[in-house]
Amino acid sequence: MLAALFVSRSRVEKMGKQQKRDRSNLIALTGAAALLAIAVNFAISAINNKHRKKKEIPGSNVRVNLTASQILKLAESIIKKSKQVHDAVASVPLDKVAYVNVILPLAELEAQQFPLIQSCVFPKWLSAFEDVRKASAVADRKIDAHISMCRKREDIYRVVKALTVTGDGLSTDAKNFTHFLSLEKSKDGKRKIILKSHQILPVLELCKVGSTRRAVAISYGRRCEANVTILEKLIQLRHKLARLLGFANYADYATDVRMAKSSSKVFEFLESLSASLNDLAYRELSMVKALKKKEEGECPFGMEDLPYYVKRVKDQQFRMNFGVIKQYFPINLVLSGIFKICQDLFGLDFKEVEGAEVWHPDVQLFSASDLSSKGLVGYFYLDLYSRVGKYAHTCVIALQNGLLNNGSRQIPVALLVSQFEKKVDGHPGLLQFPEVVNLFHEFGHVIHHICNCASFAKFSGLRLDPDFVEIPALLMENWCYENLSLRLISGFHQDITKPIKDELCKSLKKWRCSFSALKLKQEIFYCLFDQVIHSTENVDISGLFKHLYPKVMVGLPLLEGINPASCFPRTAIGYEATCYSHIWSEVFAADIFALKFHDDIFNLQTGLQFRNKVLAPGGGKDPIEMLSEFLGRDPSIQAFLDSKADTN
């Protein structure tokens, strides 16, 4: 439903007059069969006339005979330009929306980039050269990934939606174009929804019609029904594996090497947390129910209504404009702020290693030394900016593990990778607030890695207990919501001496935890479901789903007929019997912050204790023992619960 440059994979079913009529409505998307037919003539002509003198084709912007490197560079420039235009549209204040600053830029971008996109894409089918075909396929995937991102941009949707409400200055054609930036229409005039999260979630959050929300939620919940049988077979094989290794069930096998140690401990943790959240979840549910009653009358409240009314209440309470907030987070300023916070907190000194050998000019290498002893602690590379062929996500990779053996220490080396825009129109790139939080999170992994002083490589780096390894990174996220640290990492992009205002800082902190109990209850439900099926033989999966849901979800009714296997794929692959782990880490990170850092977020003494007692031992010491020694007591869930209640 978001106003992106690319909307739907156009298909031309008829040729002749129908093709001529449809062609005017095409909006570029890679892989469109109809556009292949258009491109064939160009490609064949280019191949047959390869050695002839090149001749300009007046009025055509299609580029043929591009080399592999030219295709990749063109794809990069297409994505960069598209992002610039979308960011500019997203930053338009809602009370200033107009045709010239919202619709016109998107329409002009579409017209300009259509032939360029096709120039990148059609060689994968037609080029005589393998390297060109491969480069074209890579470009296709990258452009598609950008399209998917554009579809999910709520900030663009809000701006376009605001213009559709006013309709000021729009011609008939412009109004039609504006309404087209939503979803594709079928022949009967209805909007097409595919069962993918990037379309389902916006519908559930934004659609005003309750019956539509319900129909979409049910269809989404019933997808992939055949997966239930597959999941049951997987679980049987997992139990068989666990018994061969001497465990009663797969859940005990999976948790044996983690902080939890046993499935029973996980059950105890999840059930205690769930029960403690009941009162807050009831209050949150009452608020959304009251709003639905006010807007829709006496219609019963269903699970399909939750995303829509949670968003409505949050919008009314906070009125957060993340397009405006983004303008306060130039990437250079955020990064320098992170350095300052980690230096002051953990007693480290960061310096760029000038002239170091790197794999791209944008890559930087930094050393980290102890402020007191001046001794080298570790190195880390920053590869932060987008380019063709690069890994598309933000993560930290351990390149060399720290190791302390016989008095000598092997220096740890880490790499932080992301895909941020370095510059836009000559100015430093701006970070969305979730990107700021993500950068803090990943830098927490960097600090954890370079401060590790384990005696064995097996216990060093990021090869740690999965229940424990995320705790320091999640702890670092807290500095994104505190006034002092937020002001340190923020500054209006046109005048960085003007940091984000205190009121907005407070709103961000409240927004972070608002309606968190209901959301967490849903996660707990799926985690309990995961534990039960992996700790019990021959369980009726569908029956369990129906039985467990009302015990956890405090009066929020379950949609009838939905398929549990389709709703929770992590149970099948990747997190089997360990889905609880992220909540586990969140709870303990909250406990650490509340007890040790909340009242003084820049306390060097506390930071050094955390560095020495929690980060340095790595996996060589039991995580519960490390946390208990640092906290001065056993870890508790209470601080986590208090943080949710305080902000609600």
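Contact here means heavy atoms within 4.5 Å, and everything below comes from a predicted model.

**View 1. Helices α3 and α6 run side by side.** Here we look at α3 (residues 68-90) and α6 (residues 130-151), whose axes come within 8 Å and cross at roughly 10 degrees. Since angles under 35 degrees count as roughly parallel, that makes α3 roughly parallel to α6. From α3, the residues in contact are Ala68, Ile71, Leu72, Ala75, Ile79, Ser82, Lys83 and His86. They meet a set in α6 made up of Asp131, Val132, Ala135, Ser136, Val138, Ala139, Lys142, Ile143, His146 and Cys150. Sorted by class, this α3 and α6 contact comes to 11 nonpolar, 4 polar and 3 charged residues.

**View 2. An open sheet of 5 strands.** Follow the strands across and you get β1-β2-β3-β7-β4, with mixed pairing. From one strand to the next, the twist averages 25 degrees.

**View 3. Strand β4 against β7.** Zooming in on this pair, β4 and β7 (residues 413-420) are antiparallel and share 5 bridges. Look for Ala398, which stands opposite Ala414 in β7.

**View 4. Helix α17 on the sheet.** Spanning residues 331-346, α17 packs on the sheet and touches β1, β2 (364-370), β3 (376-385) and β7. The direction of α17 makes about 145 degrees with that of β1.

**View 5. Helix α18 across the strands.** Residues 433-450 make up α18, which lies across β1, β2, β3, β4 and β7. Relative to β7, helix α18 runs at about 170 degrees.

Note on methods: Residues are numbered from 1 along each chain as its sequence is written. This is a predicted model: local features need pLDDT of at least 70, side-chain atom pairs count only at pLDDT 80 or more; totals for chains, interfaces and linings use all residues. Side-chain values use heavy atoms; hydrogens and water are left out. Two strands pair if DSSP finds at least two bridges between them. Helices (H or I, at least four residues) and strands (E, at least two) are DSSP runs, numbered from the N terminus. Axes are lines fitted to C-alpha atoms, for helices over the stretch in contact, and angles run from 0 to 180 degrees between N-to-C directions. Angles under 35 degrees count as roughly parallel, over 145 as roughly antiparallel, 65 to 115 as roughly perpendicular and the rest as oblique. Ala, Val, Leu, Ile, Met, Phe, Trp, Tyr, Cys and Pro count as nonpolar, Asp, Glu, Lys and Arg as charged, and the others, Gly among them, as polar.
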